Amino acid sequence: MLRAVLAMATGLGLVLLSHPGHAATITTLKSLKLDVPTSDAMFRAGPGSDAINNNCLACHSADHVLNQPSLSREAWQEVVNKMIAAYKAPVSPDDAKAIVDYLVRAKGAS
């Protein structure tokens, strides 16, 4: 089996070498320098501030989060759930509840 696979790979390589116009183009990689804004801003002290500072500031600035529109508890819960499910944020259930509670107090629906 291995000999058959090696023979096929060798044959394919020879075909590609004999027809260089049909071979895949090699992509040239270039380094980029990217300056991203930094911030030392933290969420205001209060119930749940440790949870939101310890979990959310790894990816988001406090300014970014606090500039979001006012949302209901259910909507904030959906946002936190999405961060956990879709982006694999390592947030414990207790911290998730504390984060949602904090966001509802700070940015709940008016």
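Ile 99 touches Ala 51, Ile 52, Asn 55, Cys 56, Val 80 and Val 91, leaving aside residues up to four places away in sequence; contact means heavy atoms within 4.5 Å. The model is predicted: local features need pLDDT of at least 70, side-chain atom pairs count only at pLDDT 80 or more, and totals for chains, interfaces and linings use all residues. Residues are numbered from 1 along each chain as its sequence is written, and side-chain values use heavy atoms, without hydrogens and water.

Ile 99 is one of the buried residues of α5, which include Ala 96, Val 100 and Leu 103 (buried: under 20% relative accessible area, 1.4 Å probe, protein chains only). Their cover includes α2, α3 and α4. Helices are DSSP runs of H or I with at least four residues, numbered from the N terminus.

Ile 99 and Leu 103 are also among the residues with the most contacts inside the largest nonpolar core, which has 14 residues. Such a core is a set of buried Ala, Val, Leu, Ile, Met, Phe, Trp, Tyr and Cys residues joined through side-chain atoms within 4.5 Å. α5 gives the most to this core, 5 residues.

The lining of the largest pocket has 24 residues, and Cys 56, His 60, Val 65, Val 79 and Met 83 lie nearest the pocket centre. Of these lining residues, α4 supplies the largest share, 5 residues. These helices each supply at least two lining residues:

| Helix | Residues |
|---|---|
| α2 | 49–56 |
| α3 | 62–66 |
| α4 | 73–85 |
| α5 | 93–107 |

A pocket here is an open set of points on a 1 Å grid over the protein atoms alone, where a 1.4 Å probe fits, with protein on both sides within 12 Å along at least five of seven lines; lining residues have an atom within 4 Å of a point.

Methods
Buried < 20%, exposed > 50% of the residue type's maximum accessible area, 1.4 Å probe, protein only.
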